[in-house]
Amino acid sequence: MRGRRLLAAGLAVVLLLTGCGGPTPGPADEGDGEPPRYGQAPAPGKDVTLQPDVVLVGGGSRTVRSVSPDGLTWRLDPGARDADRLAPGRIMFLTGRGVGRVLDLAEEGGDLVVTIGPVTLTEVIRDGTFGGDDVTLDRPTVYVAGEPSWTREAAAAGGTLGRSRPLAVAPAQPPPAPGGQAAAGAHGYRVRTFCCAGGVGTHFTYDDGSLRLAGTVTLTVGRPTASFHLAIGAGRVNRAELEIGGGFGIKVDFSAGIDGGQNHRKAFPIPVDIAFPIGLVAGLPLSFTVSQTLEVATAFGARRGTFRGAGEYALAGKLGFGYANGQVGSRVTEGFARRVSLLDSLTGVPVGVMGLVVRHGVRFTMGISAFLFTAGIWFELVTSYGATIGSALGAPYALCRGLGLGVRARFGIGYRILEPVVQVINKFLSLLSPSRAPRIPPIVASGGPSWSTVVHHDEEVVPPVSICQQVPG
């Protein structure tokens, strides 16, 4: 009876946790055919009007001395064209990856140190029409943030967040690299991203000596292409469309082991941007960016045991949404089908009931800026895998297994940051001593409208016997 209650409780915890200008090439900022380290410089055309408080700082990537891993602190050449027009409250537009509202400025060591926060598209663009059809996403450039404070626990983040008056020069972000693979770390996890042949995903490992987790989460896709259209007039979005094609599926494998350890729950953005620069669109350096988030939560009913599983499912032909005249609609062409059953694969040596949730988010954004501050037309698919397995001590009667599988689409116009990450950033922004601003304002977790819809949801427990809390038949 006690084992039955534990399985029911474990499954309950797991299920609770699941729930019109076209692209043109622009002038290069760096030679030798390498992508500009900090993005391409803007060159707005006559059909684009920027907001009056936007400052176009000249020189592009050549103006940048370094960028802190958190993306908040930009050290610039103070002699760059119009750099002297920057002021708290204005918007710096330096490159396609260097866009943000100025929170503070300082001079140090011959550098102009600019602290920025996120902005929405309509805070940058007053009027303009942008579009592109069937953009092939096959030659990515990887940007790794390094070791920003938002990849560590708040108590351990220290003073590495971007400062308006740094005590020392912040470590620079690593240079970009061609291809879709990159390694990084966050919250004690080691992660390796990959894109795009076969899909977009992350392999993760965690080992604190008593709790070990490993797995791979993938949004599978054939040959991805993207189409987008955006019309802004008088600082308002009149039309926004984003579609990603190629045929999509979801895939997961994981293994978990505990030996005297504690349960934990971690949720964080992967500090890697997979970018597809599409050149100047009506003079603005837009990119199609793929970013990911990962959440792992354990619900182990004993201090020892092992647990593993793997599954794969077909999901949709296309992903996307459309917005026009105040009306919005999802454009997900659903086609869910089981390829490899995760439920049937669950196995292990659980001394007590073991539960695990792995939640994987993949966001596609057509827009500007970088990492947490990427803003534009975005579509995110969040897949939650919640699995439980009963105690091996009850195996002579029945080894109960449960699965909760949920897929949710989120989409919007602007930006969206995980709330725990925003809390970490704002905690440290509140500790900074402003140089020119009366105070450094906190950033908010989202900007611009957003919507969501359920793509798929299913729960199942096997075998169908009463000890597994399911009535036969």
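A residue is called buried if its relative accessible area is under 20%, exposed if that area is over 50%, and partly exposed in between, using a 1.4 Å probe and protein chains only. Hi everyone, let's keep that in mind as we walk through this one. The model is predicted, so local features need pLDDT of at least 70 and side-chain atom pairs count only at pLDDT 80 or more, while totals for chains, interfaces and linings use all residues. Residues are numbered from 1 along each chain as its sequence is written, and side-chain values use heavy atoms, with hydrogens and water left out.

Let's start with Thr63. Is Thr63 buried or exposed? Its relative accessible area is 6%, so Thr63 is buried. You'll find Thr63 in the loop between β3 (54-56) and β4 (64-67). Strands here are DSSP runs of E with at least two residues, numbered from the N terminus. Leaving aside neighbours within four places in sequence, Thr63 has contacts (heavy atoms within 4.5 Å) with several residues, including Val57, Arg75 and Leu94.

Next, a strand. In a regular strand the side chains alternate between the two faces of the sheet. Strand β10 covers residues 141-144, with Thr141 and Tyr143 on one side and Val142 and Val144 on the other, all buried. Two strands pair if DSSP finds at least two bridges between them. Strand β10 runs antiparallel to β11 (residues 177-178), joined by two bridges, and Val142 stands opposite Ala177 there. Strand β10 also runs antiparallel to β19 (residues 272-281), with four bridges; Val144 has Val272 as its bridge partner.

Now the rings. Rings of Phe, Tyr and Trp (its six-membered ring) pair if their centres lie within 6.5 Å; planes under 30 degrees apart are stacked, over 60 edge-to-face, and the rest tilted. How many aromatic pairs does the structure hold? There are 13 aromatic pairs. In one of them, Tyr189 and Phe268 have ring centres 5.5 Å apart and planes at 45 degrees, so the pair is tilted. Tyr189 lies in β13 (residues 189-194) and Phe268 in β18 (residues 265-269), so this pair ties together parts 79 residues apart in sequence. Both residues are buried. Phe321 and Trp451 also make a tilted pair, 6.3 Å centre to centre with 45 degrees between the planes. Phe321 is buried at 0% relative accessible area, whereas Trp451 is partly exposed at 26%. Ring pairs join Phe321, Tyr323, Phe379, Phe411 and Trp451 into a cluster.

On to the inside. A nonpolar core is a set of buried Ala, Val, Leu, Ile, Met, Phe, Trp, Tyr and Cys residues joined through side-chain atoms within 4.5 Å. The largest has 90 residues, and Val124, Phe288, Leu319 and Phe379 have the most contacts inside it. Strand β17 (residues 236-259) gives the most to this core, with ten residues. A second, separate core has 21 residues, among them Leu372 and Val421.

Last stop: Asn263, in the loop between β17 and β18. With 39% relative accessibility, Asn263 is partly exposed.
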